Amino acid sequence: MNTSTHTNKVVLRYRGNPILSKHDIPYSVATVHNAGVVKYKNMYIMLFRSHLANGRSIIGLANSEDGFNFTVSPEPFMTPATTGEFAEYERFGIEDVRVCPCEDQFLLCYSAYSRHGTRIGLATTKDFIKVQRLAFISQADMRNVVIFPHKINDRYVRFDRPHTESVAWSIWVSYSPDLIHWGQSRRVIQPLQYHWDEMKVGPGAPPIKTSKGWLNIYHGVFNTMSGAIYRLGVALHDLEDPSRVIAVADDWILQPEAPHELTGYVPNVVFTCAAVAEQDETIKLYWGGADSVMCVGTTTIKRLLDHCSSRSRPAL
Ligand code: BMA
């Protein structure tokens, strides 16, 4: 059965997109988007973001046997903390969870919004039933944290995207001995002038390990007279030293084209928090369309590597 449509040579959209919309959610939400997805016990677990009708976000859970058809749990999975040290920094909502498999657990990195700005919360789970909030792992203003699946040279590693007026919004790498304290940061990929990602770049899916290096599927933003366009690109980083960028593909791998990507809560957006690499080296790439619905497409490790090596633009 042919389940995909060709949009360009890199990512094939699933014909059944969108795979989730607000109509599939058994509680009242305005959107379903920007989900983290992993495989757990032969199931795909999706943690998706929804805007409530007050404009603030919560996280829901859906599961699937095939990665395309998802069933949504009757209750939200995570809502902003209302007591304890987390409450003060989650008051305006929690968003855009990356589910990072790391050693024997799943690390949930989410954006926490409050009057103090946007910072990253780290929670862990082993079974997607019990969740433990560990710590905030940044001050404001930080978004888009993805943690690598294992330590490299005895340090945990993450890509992140600090927000500062003094330098273009770029992808950085940071290190930690314990997942809580992070530092030794370095800038690794910056937006490129008059390029599809000239306004900002940010980590998307947790890095995928390949024999040639770490694949980093990221988002890039270009500003136009009618607003920003969010697209996805891919870069390759050294296995032993991810701060060393081997290549950044010059062309994007996905741009808003389907009607549910072109119009919605925020028009012209494809935004990813997840890619699941399968044993056969195919990849299921998940993205939010127009901050309104969830979509999926397929690609392969080979196609992404070829894309990086065919034409690379400077990282910095
Ligand atoms: C970014 C984040 C994402 C969102 C995107 C497009 O700044 O807020 O959650 O998908 O904007 O609106």
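User: In this predicted model, what counts as a strand, and which strand gives the most to the lining of the largest pocket?
Analyst: A strand is a DSSP run of E with at least two residues, and strands are numbered from the N terminus. Four strands, β3 (33–40), β7 (93–102), β16 (208–210) and β20 (270–277), each supply at least two residues of the lining of the largest pocket. With four residues, the strand that gives the most is β20.

User: Which class do most residues of the lining of the largest pocket belong to: nonpolar, polar or charged?
Analyst: The largest pocket holds about 460 Å³ of space and is lined by 23 residues. Among those nearest its centre are P101, I208 and V276. One residue of the lining is polar, four are charged and 18 are nonpolar. The class asked for is nonpolar.

User: Which pocket does the ligand take?
Analyst: About 230 Å³ of space lies in the second largest pocket. Of the 15 residues that line this pocket, D96, R143, Y230, F271 and D291 are closest to its centre, and these five are also among the residues around the ligand. The space taken by the ligand is the second largest pocket.

User: How far is a polar side-chain atom of D96 from an oxygen atom of the ligand?
Analyst: For R143, a polar side-chain atom lies 3.4 Å from a ligand oxygen atom. For D291, the distance is 2.6 Å. For D96, it is 2.5 Å.

Methods
Residues numbered from 1 in each chain as written. Predicted model: local features only at pLDDT ≥ 70, side-chain atom pairs only at ≥ 80, totals over all residues. Heavy atoms only, no water. Near = heavy atom within 4 Å. Polar contact = N/O pair within 3.5 Å; in protein donor to acceptor, adjacent residues only side chain to side chain. 1 Å grid on protein atoms, 1.4 Å probe; cavity = no way out; pocket = protein on both sides within 12 Å on 5 of 7 lines; lining within 4 Å. Sits in = over half its atoms within 2 Å of the grid points. Points joined across faces, edges and corners; volume = space filled by probe spheres on them. Nonpolar A, V, L, I, M, F, W, Y, C, P; charged D, E, K, R; others polar.
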